[in-house]
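Here's a quick briefing on a two-part question: how do the chains meet, and how is one of them put together? Have a look at the model first.

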Amino acid sequence: MAAYKDDFLQELYECLDIFNQSFVDLENGDSAAINEIFRVAHTIKGMAGFLRYSSLENLCHSMEEVLSGIKNGDIEINSELIDIMLSTVDRITDMVKQIENEDNDKVKIEDLLEAFDKYKKVKDVSRGNLCIQKQAKNNIQSLEVTSPKSSKDNFRSDPEPHCEQQTKNIGDEKTYNLILNVSLSADCIAKDLRASLIIESLRDICQVLKISPDEDEMDSSFNGQFAVFLSGDGDKVEDLMDRISEIEKFNIIYNEKAENPNSVLAESQTNTLEQNSKEFSDQELQLDEVQVLEENLDELPDQDLKPQKIPETGNSKNDSSIPYSKSVNSKKMSSETKRQETIRVSTSNLDNIMNLVGELVINKGRLLQISQQYNINELKEATGTLDKSISSLQDEVMRTRMVKIEKVFSKFPRMIRDLSRKLDKNIDFEIEGQDTELDRTILDEISDPLVHLVRNAVDHGIESSQEREKTEKGEIGHIKLSARREKNNVIIEIEDDGKGLDLELLKKKALEKGLLSPSEIENLTDDEVRMLIFASGFSTKEKVTEISGRGVGMDAVKSAVEKLGGKVRVHSKMGEYTRVKIDLPPTVAIIRSLLIEVGSEIYAIPISNVVKALSVGKDDYKLVKGTPLLYINNKLIPVVELKEIFNIECKKLDKEIAIIVERENEEVGLIVDSIIDQQEIVIKPLTTIFSNSKGFSGVTILGDGRVIPILDVSSLIRDDIDD
Amino acid sequence: MTRVLIVDDTAFMRKLLKNILFGAGFDIAGEAENGKQAVELYQKLRPDVVTMDVVMPEMTGLDALKQIKSVDKDAKIVMCTAIGQEQIVKTAIKLGARGYIIKPFQAPKVIEEIKKVVGA
């Protein structure tokens, strides 16, 4: 079973996501969500049972029972019950972690079981009333027909006249020619179900005239022994019985007088029949015992009943020997793989494949270079085809790594619910574009920043209910989380209709915290002021709350997004809205880059950072307070000389290239000698010794084997310009 | 070789059943994640027997059973359920389910049930 643990855990995490979403739906008045919650509780219970996580199984079972009560209308749902169930979901989450780390589900659940029990009792009481009513109704019916239904006891050992009458009635309507006695195997879990299955299957091939005990009386306490009076072909019944499992034994008694329409069962016969039934149930039916049974029948005063055939079935011992054979197994494996439409692959496998594709891309580059160098037509052709195949392979592998953003979005409804309760805010939360896909690595990395942004929207964005009531916006606040594809990138936006950013307050705080000088603040555009919220150590909230922390978050959000090669922007109008827009590349492992040359060195700059590239000469510069700035389209752009930063000794060219990149809404020109190429590069992370070096996000390997550093533009220019 | 269509909304359960049935020499005709898929796949694959989970999204096992039975009244369907769902299985039996297995099940029980149902 250990082999299933990973699948189990993966499935559990998916279940938890559905739980969280469904409870929010439920609270929002979607009563159908209860079915989904029920289904998930049921699913977890089923899986936990297999892996013997009994606490988890019990907890889910309890929850399922209460949910079933809600579905049936026996239990009324209220917010207390929802709270109990949400606590259950949290507890299940704890258990999942415990199972993952310690391989056991030892988490306290008694309090929750008790809480559920309280509701179950309510249900049982209402059920109890129902039973009493039902019974009373039956009594009335019995009185009307003056013949109470035969019970198990009646048939077996208490041959009261009413029983006779009942049996005679059968004879009157239609004569039975077979009596089938069945004893179910002891390990049969739901004997009433098995009996139902047998009876229904019998109905398909013959007429079922009477069942003893009555089908309605078979419940979970049913002992598994019953008799069916039939009119039909005995051979067919025998065949059928061979096709149903969990039957310990059965016998068929043939009623020879069946052809006679006047044939009825005499009291004495009924008696003997019961005796037989009893014998049948009391002992293992061996051949010599069949003999005894026959003798019993022979002693009947009236020789109506004779057992012509008493077939015996064992409980198919042969079937339990499963032919496990490795060679057979592997053969079947191939046929199965063909039919499967989806398979689960571990993410580490995908990462390995991605790495290998990365290597292929590097070697492809090398081959392309060689084929250009030697100018052999055949080689060019071959490398051209190879180039196409590898590009397609790369696309396909990328696609396998894509995950729907729903995976991250799905946790927010529950989060917003909890936060808004805690902060006593009334919030309507909307999600859009859940189907948008992102590379799994990006999705993992973006999850925490998104949590932070959403928390911020609830905590800092949306005003308290009282404050909102005073505005035209109404008491209910709105937060919208959306994702969409724009060209090649994925855009995620978090928008709230809260108080918006107060620019004056932001400036004041920036001054107080010493982040900027008064003159610098004067020169900032409104957009730049808004971007201050992403500055390190910035927080305008008077009180630090446990919800959105101490203002270290927004800075972290920005660096996380930039690390992924993305951009973050904030738009806002005071008193109306705040919208944070995140622009992410679809993948991180392979990126398009400009390869640039400075002196004899080559660097890669991710295209996502580049606004434009221009050829510049001496005339394009203006000296401002002794500092040379690029003057392009009536705009002054600060420059960073890569030669100076990297201490590359070479002379300054007459014509150079300015790579214009963005830095917090401000353009900066990176001055390089030339652009060599634009190509896809595979990012290799910097290893421990180099991991602290500033200005580089990794390295890549070119086709000719050269190792090229990839510039981390934002940190590079931040450090230089700030200096 | 007996061809089985496995219907369950959890990959975990499908894998478990698949492995059990494989080992016993059954051929897995296909897998469905919900009732709707089950009906579609049944018509496409015409398996010898279906193991049908009861509680599933989109379309329950019971509804799928009804639909499959309406296109093939001889369809052999084994309900796959957990304790607590007996009433639904009873209804399923009345609607023509030919067997049932109760979770957590043991491999021999599953194999016996399927073998009996297909008459192997």
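B:F22 is partly exposed, with 18 other C-beta atoms within 10 Å (20 or more would be buried, 12 or fewer exposed, and partly exposed is in between, with C-beta atoms placed from the backbone). This is a predicted model, where local features need pLDDT of at least 70, side-chain atom pairs count only at pLDDT 80 or more, and totals for chains, interfaces and linings use all residues. Residues are numbered from 1 along each chain as its sequence is written, with chains lettered from A and ligands numbered from 1 in the order in which they are written.

**Around B:F22**
- B:F22 sits in helix 1 (residues 11–23) of chain B; helices are DSSP runs of H or I, at least four residues, and strands are runs of E, at least two, numbered from the N terminus.
- B:V4 is 18 residues away from B:F22 in sequence and 9.9 Å away in space, C-alpha to C-alpha.

**The sheet in chain B**
- In chain B, 5 strands make an open, parallel sheet in the order 2-1-3-4-5; strands pair if DSSP finds at least two bridges between them.
- Strand 2 (27–32) and strand 5 (99–103) of chain B are at the edges with a single partner strand each, so one side of each has no neighbour in the sheet.
- Strand 3 (residues 49–53) and strand 4 (residues 77–82) of chain B pair in the parallel sense over 4 bridges.
- B:T51 has B:V78, in strand 4 of chain B, as its bridge partner.

**Where the chains meet**
- 37 residues of chain A are in contact with 39 residues of chain B (C-beta atoms, placed from the backbone, within 7 Å).
- Helix 2 of chain A gives the largest share of the side of chain A that touches chain B, 9 residues.

Conventions
Contact = placed C-beta atoms within 7 Å.
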